[in-house]
Structure formats: C-alpha cells, structure tokens
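Hi,

Here is the structure I promised to send over. Have a look at it first, and then read my notes below.

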Amino acid sequence: LWSVLLAAAAACGGSGGAAPASMQTPASSVAGSSSVPPPGTLIAGAPAGTPAIKSPAASAGAPATVPSSLPAAVPMAGPGALPSAPGAAPGGGATKPMAAAPEPVLVDAADEAACDPVGAAPDATEAAEVLKVRISDVAPGWKAPGGTTYACFWIDIDMPEKHHIIGWEGAVGDRSVHHQQVSLAPKPFYLTQQGGLCGLPTVDYTWTGEKPTEWTPKLAGYPVGGPESGGKAHFLWQTHIEGASSYAGGFNVYVTKKLRKYDAGNFEQGDVRGIMIPPMATDHVHTAKCSADMLRPKLVQPIYVFASMQHAHLMIRHIKSDLWRNGAVVKNFGDQQASGFAGFFDQQFMPQKPCVKIMPGDELTTVCQYANPTNVTIMGGEATNQEMCTTFYQYFPRLPGTSNNFCGTIDSSGGFNDGAP
C-alpha cells in the first residue's frame, strides 16, 4: 500500500463516456497469491463493449475493456510524476513562467491548543451530504482477472463551490480487496480507460479492509470542488485486489459547503525500495527514514498531525513510528506488534491527542521488524506477498503541490520520491 504505485506509458485507447455518482442523504483470509506476477503486469478490464453511462452531473471516461496489449510501466521521477503529455517538448515539456512560492498557512496558538483529533458526525449547521462513489457506476461489469491487480477509476462531479470532506467510509465488503486509496486530483492524462493502471498524484485517504466512518476534526476538512478545481469534484481511486474478483464497491464521502478553518491533507513516509528480507529470517529490521534534510524543503509551514496509520504486509511482526527533533524522539506515533494478514486488517488510523506538530528540520522514522518463514528472499513491492514499511499521517494545514506529501524511497516503477522535494 503506497502512494504512487505505477505509471503507465502509452495511452490505452477507449472512448469518452460518462458515469453517475449519487448524492444522497445517508441511511443510517486472503493470503498472498502463491504465484503473484511482477507488479504492474495486470490491468483489469470490463467485458468488451460495456456501454457508457451518461449523466449531466458527472463524467468518468469510458468503461474498461480488456486491452489487446498492456502498456509497460515506466519509472517516475517522483510522486505523481507523469509521462510527458502529447506535444510536450522533450525533457519536460514547454517552458512555463516560474510559479510564485506558496504562502505558508500558519496555525494560531489558540487553534493549536484546541486541536482535538477525535472527529464527530456533522452538526445541523453543516448540512452534510454523502457522495456514494462506486466502481459499478463508472465501469459496470468490471472484473479483476486474478493474481495481483491494481486498477484505477475516476469520476468528476459538478461542484462549482468549494466544499470540505469531513467524513470518509469504505464500502468494501470483499476480503480480496487489499486496499483502496483516493486522490482528490484530476486523473492523469494517460489513464483513458476505467480500470487501467495509474500513479496517484496524491493520496488523500486510504482503507485497508472494511472500516466505520472516520470523521475529521472540527478544525479541518479535505478540500474538493470549487474554482481552483475547475468547478469539479475530482475522485481518482486505486483498488488493489488479490485474486479473481467481481468487486464493484467503492467509498462514501461526507461533504459540506460550510468550510472549516483549515484544509486537511495526508502525508506518507516510508520505504518500499530497499526492503530485502533474507530466507528464514526471524528478526530482520528495516528502518525507513525521512531525514531533516529530506523533510525541510517539503514543509513550507509546520503541520499538525491528528491521526496516523502504520502499514506493512504479511511478514511484519513489529512496527514503530517516531518523530525526532534535535536528535531525540519527541513523539511516538505507534509501537505495535502485528501478525500476518490478520494484523494487516487491523491497521487503521489512530487519533493523535493532542495533535502533533511537525516542523521543518524534524525527522520521521518507521522501523519494521520482519520474520520470513519461507526459503526465498522477500523484497519490497506492491504485491501482498512482498513488503512495505510506511506510516500515513493525516494533518492540517494542507501542503501545496504533490511531492511535498511523500518522503521515503521508491522502487523502479514509481512511488515515494527518493528524497527530492
């Protein structure tokens, strides 16, 4: 589970179309495949000829079809990096004026003291509505063919005014689903069919297994829609499935026009590349580090963490996440034992009370202890029977851009930025 998992090279074809997303008031042991193909070798598709669904309020591209050939995965320069757009000049496209540095958003002392990470259902003044986003709406009939499948879906919903997402809930209901991750960024240009392969420019929320509704604190909400987003609410989500599946679920988001004081974001720290667990190892330790020099250029302002989640796969036995300042640990975000896939499904965001301030020049570490009972070396990677060592941090105020929200290492197909801002 990680942020920017794969980038596809050539576009895969597919016709334009549309798909609905309903806006309603809410009513109240999979193991890793014994033979998992290399990451990035599968793109799941819907049966050929699946008709597009049209709606004036949403556009979601064409339903997936099974491609006759698969695009090769290409390395990415950093989180969310995309292949050059059609017509772009070699080496990065047309020259553009240098953008002005973003103004830092500073949290006043009263808000820092009042930060309560435990969210609550919206009150009557927030008039929240729920958006129900489903694979079945944008790609009816879609199927995962088996093995390890990463599939990306998207939908754009008319939303002329800026809203805040103040609650998230997964609508998974299928244990073959390893995770779902949602980005509030527009889809990458090369993703032309539903169920194709993509890298996520941001990761704004993530689920492992089925979880109850998770509310943001009263001070913050995730920004969606409005003029800065072209009057659209963009939802780009990636689903990782192990094994053959007809999974058609998705997620729900609770949105309100009554904006909270700060925009929220998600920061991801950890390693995928560089993890190598020897055969029959009983106590192999890997330390993923976001050093002060790596973190400093990413933080244009201090951020305040209100919840965190640790993540690894089947071989994890112990995982610990710490914040360091001036050479000493000043906050532990989690220190827990875990055991295989059962432990994996216990992974969830845990409130941090009081909220934790992370400053430019601080350091973040995630330390993972693994046991490998097999006679083969286990490498870092996307598949369930590979490994990760990561921590997710929900925070405010939201950092600008995309690469600022990741810190760690990458494997050859993309993911964490290798220390670059």
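β18 (residues 303-311) and β21 run antiparallel and are joined by five bridges. Strands here are DSSP runs of E, at least two residues long, and helices are runs of H or I of at least four, numbered from the N terminus. Two strands count as paired if DSSP finds at least two bridges between them.

Before I go on, the ground rules: this is a predicted model, with local features needing pLDDT of at least 70 and side-chain atom pairs counting only at pLDDT 80 or more, while totals for chains, interfaces and linings use all residues. Residues are numbered from 1 along each chain as its sequence is written, and side-chain values use heavy atoms, with hydrogens and water left out.

Back to the sheets. β18 and β21 belong to an open sheet of five strands, in the order β21-β18-β24-β15-β25, with mixed pairing. Its edge strands, β21 (350-358) and β25 (406-408), each pair on one side only. Neighbouring strands are turned by 30° against each other on average, direction ignored (axes are lines fitted to C-alpha atoms, for helices over the stretch in contact, with angles from 0 to 180 degrees between N-to-C directions).

There is also an open sheet of four strands, β17-β22-β19-β20, with antiparallel pairing. β17 (284-290) and β20 (328-337) each have a single partner strand, so one side of each has no neighbour in the sheet. The twist in this sheet averages 15° from one strand to the next. Inside it, β19 (residues 316-325) and β22 (residues 363-370) pair over eight bridges, and S321 stands opposite T366 in β22.

Two backbone spots to check: F396 and P397 are joined by a cis peptide bond, omega about -10°, and P397 is in the loop between β24 (389-396) and β25. A127 is not a glycine, yet has a positive phi of about 45°; you will find A127 in the loop between α1 (109-114) and β5 (129-134).

On to the aromatics. The structure holds 12 aromatic pairs (Phe, Tyr and Trp rings, the six-membered one for Trp, with centres within 6.5 Å; planes under 30 degrees apart are stacked, over 60 edge-to-face, the rest tilted). W142, F153, F235, W237 and F251 form one cluster. The charged end of K187 sits over the ring of W154, 5.0 Å from its centre (the cut-offs are NZ of Lys or CZ of Arg within 6 Å of the ring centre and within 35 degrees of the ring normal).

Cheers
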